[in-house]
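Good morning, and thank you for coming.

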Amino acid sequence: MNTGIPIEYFLVTATLMFFAGVYGFVTRKNLITMLMSVELMLNAVNINFLVFNRYLFPGQLEGHFFSLFVIAVAAAEAAVAIALIINIYRNFQSIDVEKTDEMKF
Amino acid sequence: MTNFSYTVLIPLIPLFVFLFVGLLGHKMKPIVSGLIGTCGLLIAAILSYFTAYQYFFNTEKIDGTYQKILAFNTIWLQFTEKLHVDLGVLIDPISVMMLIVVTTVSLMVHIYSIGYMKGEKGFARFYAFLSLFSFSMLGLVLATNIFQMYIFWELVGVSSFLLIGYYYEKPSAVSASKKAFIVTRFADLGFLIGILILSFNTGTFDFISLTNVNGAAILTGAGASFLGLSVMTWSLIFVFMGGAGKSAMFPLHIWLPDAMEGPTPVSALIHAATMVVAGVYLVARLFPVYAISAPDGLLVVAYVGSFSSLFAAVIACTQYDIKRVLAFSTMSQIGYMMVGLGVSKYGGEAGLGYMASMFHLFTHAMFKALLFLGAGAIIHAVHSNSMKDMGGLRKYLPITHITFLIACLTIAGVPFLSAFFSKDEILTAAFHHNMPIFIVQMFVAGLTAFYMFRLYFRIFWNKDTHYHHTPHEAPITMTFPLIFLAIASIFSGYIPFSQFVSSDGVPFHSELEWTVAIPSILVGLIGIGIAFVLYKKESASSQKIAISLKSFYVAIYNKFYFDEIYIFVTKKIIFNYISRPVAWFDRHIVDGFMNSIAWVTNAVSFRIKGFQSGQVQQYAFVFVSSAILLGIFFIYLYSI
C-alpha cells in the first residue's frame, strides 16, 4: 500500500525527534523537561515502529501493537517519574538535576 | 580357625572411655572418672589375656608356625584401586605380647594413679588422657599396615605431649612437653620418608605382605642403590630414625629426661614401659625385611642401640634426680633391646636376638614400671625428686623398699629374676654374632648394677635425713600395683618365651648359656659391690672420685652438653642462617607480591573514581555517545 510519501521522510523526522530528545535529556537541568525529552524519544521510536510495519510488512500488526504498548508504558513511566520528582523536590527543595548528586564516590 | 574379631574392642574401649570422661569428666566426682577409666582398662586387659590364651593355646599352627591373623580390616581411606589406607587388627605373637604388656602396665598405672593423683586439679582430664594414650598404643601394636602404625604413632606422640604438659602451669613442664613433641616429630619425618620409599618400592603398606619372606616385597628390595646402600636399606634406616626418636636413642634422646616433668605414673606408663619401646616394636615388626633385604640397616640398629645404652648408663651414674636416673636407665635398657634385634638373624636359633629383645621388652616393662611407680611412692612421701633430700627411707616405707629392691636386683641381672634371663639372652646373641658389642654390653651391665644400687642405697640407706614430717607409706591403691609388678618382675623370666615369640614364628628351644651368664653375674655383682662400698653409709669417697675425674665428671653430669649443642645448633645456626632468610623471603617477596597487587588496585581505583560523579546526565551522555560509536563501528564493519 503505497501512499506516495517515501519512507525516508518519516525516518528523518523520527531521527530528528529522537536526537532532539537526547539533546534535551543531556542538556536540560530541569527534571520535568528531561522527562518530556524522554517522551520525545519514545514517540520517535513509536513512529519508527509504525512506519516499518506499514512499509515492510503491510499485512501484519505487530508494529501497531508494539507502539500502543510503548504508549501505555510511557504513561506509567510518566506517573512514576513525576512521583519521583515530587519526592526529590521534597528532599532537595529543587528539581535541578545537578543538585541530586548524592550517589557519587 | 578361632575367630578373633572381638579383639577390635580392645583399643575401642579406651577410646570410648576417653570420649566419655573427656567430655563429661568435669561434671563427675573425680573418683568416678578414675574408676570409669580403670574399669575400661580392666575390661581391655581381660580381653587381651583371653586373646593371648586363644592365640597361643587354642589356635592351630600351620607347619609348626604361629600365623599372622588378620582379625579385622576395613578400608579407611581409598585413593586409587591399589593405594588405600586400611585400619584393622593384626594378631601375631609380638602384637599379642604387646597387648599384654600395654594393658597390664596401663591397668596398674590406672589403679596407682587413683592414689597418686588424689586431689590434683584436673583429675578427670588426667584419666581421659591416660585412656587416649591406651587407645593409641593399643592401636599401634595391633596395626595391620605401616600407615596405620604411623597414624597411631603420632597419636601416642600427642598423648605423650598432653601428659608431659599435664602441669601446664609449670613453665618447665610446658617446655619439656614441647621439646618431646618437636624432637619426636622431627624423627617422625624420617619415619614418613621411610614409609614412602618403602611402600613405593614394594607397592604395599600391608605388614603381612611386607614381611612375607617369600613375597614380592622382600625380593624386589635389593634393586637400585644410592650412596653405596640399596634403596631398601635407606628406607629402613629412615624408618629406624622414627623408631629411634620415639625410643630415645642417641642422638634423638634429649627429650626423654625432660619428659620426667610429667606426673610419675605417666613416666611409668609412657616413658618407661610402653611408648618408648614402640621403636623396638617397629623394628621387630619389620624384622624380616631388615634381616633379609637390609642387613646393613640392622647393623645401624645394633650400633645405635649399643652406643645409646653405654652413653645413657654413664650419664645415669651421675644424676641426682631419681626420675632422671630412671629415664637414662630406660634409654640404656632400650639400647639393649635394639642390640638384641641388631645382632639377630632371621629364623631358628640364629633368631635368638629377636626373641631375647622381645623378652627383654616384656620383663623391662614390668620392672621399669615398678621402679617408676616405686619412685612415685617415694616422691609422694618425701615431696622431692632429688636423692640429696633422701636417705634412710627403708624404715618409713617398708613395702616400697622391698619392691624397689626387687626391681633393682632384677635390672642388675641378679640370677633367677626375670631380667637375668632376658638380658643374658641378648648378651648370648651378641656373643655369637658381634663380639665388640658384646663387650660393650657386658660393661653396661656392670654400670647398670652400679647406678641402680647407687640409687637404691642413696634412697633407702646412707645418712638419716631429717624430714619435716615423717614420711608415710602410700595407700593401698599405690602399693597394690607395686606388689603386683614385683611379682611379675620375679616370675616373668620363667615364661618359656622362645616357645611363643621367634623371628619366623617357629617355636624353638633356648637355654641359658653359662659361659655368658657367669661373667654377667660377676659384672653385676661387682657393680652392686662398688655401689655398696660407696653409698651404703654416708662417705666422702664418692665425692673424691667425682673430684678426681674433674671436667670429665662435669661433662657427664651435664649429659655431655647435648642439650646445649642442640640449642646452639638450632638457635644460633638454624634460626640465624636458615630461618631468618626464609622468613625474610616470606615477608618481603611472597607477601610483598600480594601487597603490591592490592596497592596497584587501590591506586588505579583512586584515579578513576572521578567517573562516578553522581551526575545522571553525564552518565546518559557517556552511554549515548558510546552507543553511537559502537553503532558506527558495527555499521562500518558490516559495510566492508
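**Interface, fold and salt bridges**

Between them, chain B and chain A bury about 1000 Å², and carbon and sulfur atoms account for 64% of that area. On the side of chain B, the residues that lose the most area to chain A are B:Gly614, B:Gln615 and B:Gln617, which together make up 47% of what that side buries. The side of chain B that touches chain A consists of six nonpolar residues, six polar ones and one charged residue. Please keep in mind throughout that this is a predicted model.

In terms of contacts, 13 residues of chain B meet 15 residues of chain A. How many salt bridges does the rule find across the interface of chain B and chain A? The rule finds zero there. It does find five residue pairs in polar contact across this interface.

Let me now turn to chain B itself. Its secondary structure comprises 25 helices and four strands. The C-alpha atoms of chain B occupy a box of roughly 115 × 65 × 50 Å along the principal axes. Chain B has 640 residues, of which 57% count as buried. Among the contacts in chain B with a separation of 6 or more, 80% are between residues 24 or more positions apart.

Over all chains, the search finds nine salt bridges.

In chain A, A:Lys29 pairs with A:Glu98, with 3.1 Å between the closest N and O atoms. A:Lys29 is in the loop between α1 and α2 and A:Glu98 in the segment after α3, so this pair ties together parts 69 residues apart in sequence. A:Lys29 is partly exposed at 34% relative accessibility, and A:Glu98 is partly exposed at 37%.

B:Arg285 belongs to helix α12 and B:Asp92 to the loop between β2 and α3, 193 residues apart.

The salt bridge of B:Lys121 with B:Glu169 has its closest N and O atoms 2.9 Å apart. Here B:Lys121 is exposed at 58%, and B:Glu169 is exposed at 59%.

Finally, a network of salt bridges links B:Lys179, B:Asp258, B:Asp321, B:Arg324 and B:Asp563.

Notes
Residues numbered from 1 in each chain as written. Chains lettered and ligands numbered in written order. Predicted model: local features only at pLDDT ≥ 70, side-chain atom pairs only at ≥ 80, totals over all residues. Heavy atoms only, no water. Contact = heavy atoms within 4.5 Å. Buried area = accessible area lost by both parts, 1.4 Å probe. Salt bridge = Lys/Arg side-chain N within 4 Å of Asp/Glu carboxyl O. Polar contact = N/O pair within 3.5 Å; in protein donor to acceptor, adjacent residues only side chain to side chain. Nonpolar A, V, L, I, M, F, W, Y, C, P; charged D, E, K, R; others polar. Helix = DSSP H or I, 4+ residues; strand = E, 2+ residues; numbered from the N terminus. Buried < 20%, exposed > 50% of the residue type's maximum accessible area, 1.4 Å probe, protein only.
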